[in-house]
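Student: I would like to go through this structure term by term. For each label, please set the value against the cut-off.

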Amino acid sequence: MTAKANADEAFQPFADAIPSMIWTCAADGSATFFNQKWCELTGMSMKDSLGDGWAQVIHPDDRERVLAAWQHATQTPRSHDIELRYRMADGSYRWHLVSAIPMLHADGTVSHWQRICTDIEAQRSSLESSETLMQAFVDSAVDGIITIDHQGRIESCNPSGCVMFGYDESEIIGQNVSRLMPPSFATRHDDHLASYLQTGEKKIIGIGRELVGQRKDGTVFPMKIAVSEVHVGGRKRFAGIVHDLTERDRLQDELRGRQRVLERVAKGRPLSEVLDTLIAFAEESRPDMIASTLVLDKQEGCLRHGASRQLPDFYLEVIDGVVPGPKVGSCGTAAFTGERVVVEDIKTDPLWEDYRDLATRANLRACWSEPIIASCGRVVGTFAMYYTEPRSPDAEDLQFVESCAKVAAIAIERERVDSQLRQMAAIVDSTDDAIILKNLKGVIEKWNHGAERVYGYSAAEAVGQPIAMLVPDDRAYELKANTETIRQGGKVDHYETVRVTKDGRRIHISSTLSPVRDTEGRLTHFVDVQNDITQRVQVQDEIARERAVLDTIVSGIPDALLMADLDRKLTHCNQGAYEMFGYAPTELIGQPKAILYANPDQHSLQGMQRFNPAARQHTEVVEIEWRRKNGDVFTGETVGTIIRDRSGKPISYLALIRDITDRKHAEATIRESNRKLSLLLSNLPGAAFRIAGDADFTVEFVSDGCLELTGYSASELTTGRMLLLPEDLDEVRKKLNRSVAEREPFDFVHRARHRNGEIRRIWARGQGVFSDEGELIAIEAFISDFTELHDAREQLVQSERLAAVGQMISAIAHESRNALQRIQAGTDMLGLELDEHSDAHNDLQRINRAKEDLLHLFEDLRSYAAPIQLDVRAKNLAEVWHQAWANLEVSRTGCDAELLENTGGLELTCIIDAFRIEQVFRNLMENALAACSSLVRLTVSCIESEINGAPAVCVSICDNGPGLTDEQRARVFEAFFTTKSKGTGLGMAIAKRIVEAHQGTIAVGDARDGGAEFLITLPRTLS
Amino acid sequence: MIRSIKIAIADDEEDIRQYFRRLLPKLGYELVGEAENGRELVELCQTVKPDLVITDVMMPEMSGIEAATEISKTQSVPIIILSSHEKPNRDTNTSIVDYLQKPVSIPDLQAAISRACPAAL
């Protein structure tokens, strides 16, 4: 074992641990060691590999190079690398980088080489493929790719470059690149290149320029060239990519032409002008071509001449109006099928059979026609390219004809849209509806004539203004609500509301709000179409009001309203009907009317006469027996009619029923009441009458009582005036007028002349009768005979007056006593002073007598007038008249008088005020004494009597004087009536008062012997 | 002579009072006091203690009847009423002994005084 072998042995474990192949060879190159990886990957055992065995696994293509390289490299002890392919165990070759590292002896000579092999197969194959790819790119590039050296010589040119310039590759390699340019550019190119190489100032490198290229045949073309600089082997080289701009420029021309056409479209130029521009552009870009367009007339269904510059008129005349069909030249067929029709030779093509001669005359040989198809897919015309020679189109031609047709489509469609817009505008402007376009901010953008009419704002005034100016404050909330509804996909359709016009009027409108969206569906505007419905609303309001009034009337009337269909089944009833018949609404509606009739005969009769469209109109009121739900039958006054529509067709029956049960009852009551009243009137002690409020008091009615009252019968008494005394007329009229004016009843007594001439007193009570308007209609009154009552009343008034006089007299009498007392005092004192027989004493006596007379007068007056207060007790009347007679003894002095009594044993005790009754007797006796001249005989006799059914005593006092005259008899009890020269004339009046105060009577009797007789009857007891 | 009857009078009229002032002494009576109304009469009676009172009815401040009622509460002096009114029907619980209606004559007055004061004769 050598040192070398020992070293290998020690190295082996490390070498085996490394994942790459490692082997060792001696300085002479023979292999001495291989690691385990080598054996594993190459499939060679170490034994087979030793020496120069390893060379077997080197790729045959690499073996010579590798061995030579190593032969050379191992001359110097330096590391070196080499790439080679080893054969792997599976037989494939993989690229490896083999690094050889020399292991040196101490003297610096090589002991052995370590070779480390790294698998670089992945890197090698990637590089190879990118190179291949690059070449493929270059070869297949559409653009020309040309490389030149620093002197401008062409080093390579790809196939596209060769085609572009018209050279074979072999022709051009090594030539100066300036050959590819027109001479003017070529000289400058050399200068550019030299300048760049000297100055580094770039004119084209990395910038790219449009230049002009020259082909081998000398023609030039526009090109764009991009140049990049490459340093290879210390020298600059340039690669240029050349792009042929011929097609681009042509397309640009076409584009410009198309733009020219579209500009006219956009400007809204007439279709004929647009199509003419299209023809002009097409013919400019294809000078040997004749272009033509035909436009489909939708209404006539034929093709019309659209535009053409070169086709002769005679040709156009025939073509214009051609109806598309399956065999109508190129255009007619294309329009019919909707497909492109290419006729390469008109002379032979069957489609042209009918038009061949025409085409020949026009010198046309080829015609390619493209249908013009609108965006909706329908054919709207054709675009055709004619040639004077037979010709077939290439792809570019077809593209051209197609693009022209598309432009024409836009133009025609635009024209159609414009026409639709014009129609739409005409509609918008001619409608009475307001059409308002507002944007999302609520600003008005469009305002049609209708809006001007409705609101009074001109478009100029309205556009740009907020829509809110049309909305009254109380409706402001609507705007947002309505637009919000639209935004959320809802509808605002015939929304009725109120708006305000320019002059401030409130109008009713019906608004339909619609969204306007752009092509992407975004909301951009709202269209508000508004209809002025003010009049309609007013009419509706009016109708509603009338309807409400009618409803109120219908529901309010107590009568029953029944509406029935033509089968006489009830369809509507008012509240009155339900109440009258006692049914609930659900029980009646739909029921036959027959259920309400109490009498089936009446039901069928009504059906024949009234509710029969064939019968004549029957409007009379009839009384029908109806039946309520509870079975009660009642009489109803019934009218009914047929309701007809405007054309007169009957649609339903209507009946109005009035329950007259109460009325019938009331009528009976009134009849009875009238009967009673007339009975009452005929028995009245007066008369009821009714007079007009005129000057004559014309009698309109007077009850039968007038005959007794006035002496005239009811028919004879024509005016109230005939009863009245002329002098009373004004007074009566005044009283009646006051009553009428004050609307107060009158109540007065007036005089009336009876037919027999008697003046009667009539008591009239009554009042005016007025119309609802306050007009006097008549005066109604009741009159009765007031004559007796009047007299009684007069007496009452008289006695009241006397009572007042009496009180006054009584007061005078009383007060005079004080004065009399002073006279008495004076005379008494004088009497004491004076001589009893002197003249002065006589004078004093006369004063005393006068004083006594005055005292008596006052006393009589007081007795007559003052209220009498009786101080009663049981007393025998005889005692009383005895006392009176005794007290008259002084009066009787010198007079022959006797008192005869004839009491017949009658019990004469009565309850009386003896003092007062004595005064009665005294007064009677005084009168008798005064009346009788010589012998006075007074006879007092008594008989039992009665007053008002109560026991009484009648005392007769009779004298023998001359008796009483008739006047005396009538007036003897009147106050101040006297026949005597002396006396107050109150004696008998006082007597009467006293007797009457005792509830008795005093009267003049009829004495048999002619004297005066007074009868005094006094009740025995006072009630 | 036995002590004369002492009489007090009341009347609101000076004429009447003067009449009594002159008449009563002539008739032998002693006028011990005059009053112009019922109030004065009551006071007078308390001071002079008359044997008889003659009084009018209708007087200011207090009537003769009221004064009589008042006097009767403390004294038993007889009282004659001299009035223009008739004698009232009702009786009063007083010492009124007589009613004289004006005008009254001297004999009537003398009789009334004698009836009222018999013991003095």
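Tutor: We start with burial: buried means under 20% relative accessible area, exposed over 50%, and partly exposed in between, with a 1.4 Å probe and protein chains only. This is a predicted model, in which local features need pLDDT of at least 70 and side-chain atom pairs count only at pLDDT 80 or more, while totals for chains, interfaces and linings use all residues. Residues are numbered from 1 along each chain as its sequence is written, chains are lettered from A and ligands numbered from 1 in the order in which they are written, and side-chain values use heavy atoms, without hydrogens and water.

Student: Which residues of helix H31 in chain A are buried?

Tutor: In H31 (residues 987-997), the buried residues are A:Met988, A:Ala989, A:Ile990, A:Ala991, A:Ile994 and A:Val995. Helices here are DSSP runs of H or I with at least four residues, strands are runs of E with at least two, and both are numbered from the N terminus.

Student: What covers the buried residues of H31(A)?

Tutor: The cover includes helix H26 (839-865), helix H29 (914-931), strand E36 (1001-1006) and strand E37 (1012-1019) of chain A. After H31(A) comes A:Gln999, with a positive phi near 65°.

Student: Why is B:Asp56 called buried?

Tutor: B:Asp56 has a relative accessible area of 5%, and the limit for buried is under 20%, so the label applies. B:Asp56 sits in the loop between strand E3 (52-55) and helix H3 (64-74) of chain B. UniProt, in an unreviewed entry, lists B:Asp56 for "modified residue: 4-aspartylphosphate"; UniProt positions are given in the numbering used here, feature names are shortened, and annotations may be inferred rather than shown by experiment.

Student: Which residues is B:Asp56 in contact with, leaving aside its neighbours within four places in sequence?

Tutor: Contact means heavy atoms within 4.5 Å. On that basis B:Asp56 is in contact with B:Ala10, B:Asp11, B:Asp12, B:Gly64, B:Leu82, B:Ser83 and B:Lys102.

Student: Is B:Leu100 buried or exposed?

Tutor: B:Leu100 is buried, because its relative accessible area is 10%. B:Leu100 belongs to strand E5 (residues 96-101) of chain B. Not counting residues up to four places away in sequence, B:Leu100 touches B:Ile80, B:Ile81, B:Leu82, B:Ser83, B:Leu109 and B:Ala112.

Student: What makes A:Ser140 count as exposed?

Tutor: A:Ser140 has 54% relative accessibility, so it counts as exposed. A:Ser140 lies in helix H5 (residues 121-140) of chain A. From C-alpha to C-alpha, A:Ser140 and A:Asn158 are 8.0 Å apart, and 18 residues apart in sequence.

Student: Why does B:Asn37 count as buried?

Tutor: B:Asn37 counts as buried because its relative accessibility is 7%. B:Asn37 is in the loop between strand E2 (30-35) and helix H2 (38-48) of chain B. Not counting residues up to four places away in sequence, B:Asn37 touches B:Met59, B:Pro60, B:Glu61 and B:Met62.

Student: How many helices and strands are there in chain B?

Tutor: Chain B has four helices and five strands, running β-α-β-α-β-α-β-β-α from the N terminus on. Buried residues make up 51% of its 121 residues. Among contacts in chain B between residues at least 6 apart in sequence, 62% join residues at least 24 apart.
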